[in-house]
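Hi,

Here is the structure I said I'd pass on. Have a look at it first, and then read my notes on its aromatic rings below.

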Amino acid sequence: MRQSELFTKTRKTAPKDEVAKNAQLLIRAGYIHKEMAGVYSFLPLGLRVLNKINDIVREEMNAVGGQELTMSVLQNKELWEKTGRWSDEVVDNWFKTQLKNGADTSLAFTAEEPITNIMRDYLNSYADLPKLAYQIQWKYRNEERAKSGIMRGREFLMKDMYSFAGSADEHEKVYEKVAEAYVKIFQRLGIGDRTYRTFASGGVFSKYSHEFQCLSPIGEDTIYVHEGKKIAINKEVLLPEVLGDLGVTQEELVEQKAIEVGNIFSLGTRFSDALGLKFKQKDGSEAAPVMGCYGIGTSRLLGALVEVFADEKGIVWPESVAPFSAHLVAISSGNEDVIKEADRLYELLKDSGIDVLYDDRDVRAGEKFADSDLIGIPTRLVVSEKTMSEGGIERVDRQSGSTGFVQDSEVVQQLQK
Ligand code: ATP
Ligand code: MG
């Protein structure tokens, strides 16, 4: 894509009321637009990154047997009354509204009730189980605090998966498989080394739930990390009994701030019981499927990646989710030969299947480099009179800042892998 054609432009400043680094940088670089506190639109660059994150999540969910669907955002109150969750006393962050006829409805903040109700039409026998279904869907929550930029949105994108198993054992197997898929996702996003499977309170049906917490000083959560075991404990369950269960001592743990990027929960038969989802077991008797739910905040993850990797010059994307693989920057000062060479390279990269943003704008070199640093594409390729006289292209690594001269063929090879 030619940068001269991109409708977004970089900005020197972010809105004054925007305190979070992720939103400040994303707004300045033209990835997102702030509509109001906690509500953001994703612009072309931002949508590219969001889609790449979603694709990684989707691939790993499909790999463990997840089947993608998309459920309605408008909710059927009846279902939520059956599980006792409609009341404002139970769920206090719902956006609720009325139909023309006065009937109540609401916007999805999660989806246990509708997915369980859908499955009533399809899961009949033990032979149908286990099943996993997920969606990547905008969620709406009237969050009280919205000061972490896109990491705590009132409208945000979540992957929510739900599992249905024929027994507690079968459920445990599914649960562990999904937990492993989560580890892979965070590795592919470049935050595997700083994201900890964290023990948190489990609710009624299991002793623990698990959060996936990414270390960051701006995280809202406090966790206690065990480096050796690569696990952590959420502050809210840091109790002698829990330490005993995990075979760790308080002295081995390090207190850290972290961002909750995902969580997984055993639900038992709470929802299948309440909504009347049943299946026939081998012996002919009826039972309720054992359920699990598995969330990942994909828009929050986008913000978390900015928080974790950005430097004083701007955003630094991991290769796996960068909006483009290469940022081709032409420094021509009107020199036609340079423009021709940069155009040629642009076509070559495109023809080689490489996603490239081509800064073909007629602006000063300093401004181009500052914008390129702010936008944060992993590889910058500079074409100028100087690079042409030296017979190559200057390749700059956004993360390390290291530079070197390369030939087109090398660049293509490197970027293709
Ligand atoms: P938190 O404790 O941060 O409020 P939660 O316990 O409400 O999270 P879930 O309801 O389980 O989280 O949602 C699943 C995932 O969705 C979370 O792990 C998080 O990554 C993401 N998420 C939750 N609330 C928000 C939000 N307001 N904005 C962006 N992402 C969110
Ligand atoms: Mg919450």
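**Aromatic rings**

Phe-109 is buried, with a relative accessible area of 7% (buried means under 20%, exposed over 50% and partly exposed in between, with a 1.4 Å probe and protein chains only). Trp-94 is buried too, at 8%.

Before going on: this is a predicted model, where local features need pLDDT of at least 70, side-chain atom pairs count only at pLDDT 80 or more, and totals for chains, interfaces and linings use all residues. Residues are numbered from 1 along each chain as its sequence is written, chains are lettered from A and ligands numbered from 1 in the order in which they are written, and side-chain values use heavy atoms, with hydrogens and water left out.

There are twelve aromatic pairs in the structure (Phe, Tyr and Trp rings, the six-membered one for Trp, with centres within 6.5 Å; planes under 30 degrees apart are stacked, over 60 edge-to-face, the rest tilted). One of them is Trp-94 with Phe-109, edge-to-face at 5.0 Å centre to centre and 65 degrees between the planes. Ring pairs also join these two with Trp-80 and Trp-86 in a cluster.

Tyr-182 and Phe-186 pair as well: their planes are at 85 degrees and their centres 6.1 Å apart, so this is edge-to-face. Both Tyr-182 and Phe-186 are buried.

Lys-96 lies over the face of Trp-86, 4.4 Å from the ring centre (the cut-off is NZ of Lys or CZ of Arg within 6 Å of the centre and within 35 degrees of the ring normal). Arg-270 has its charged end over the ring of Phe-271, at 4.7 Å from the centre.

Cheers
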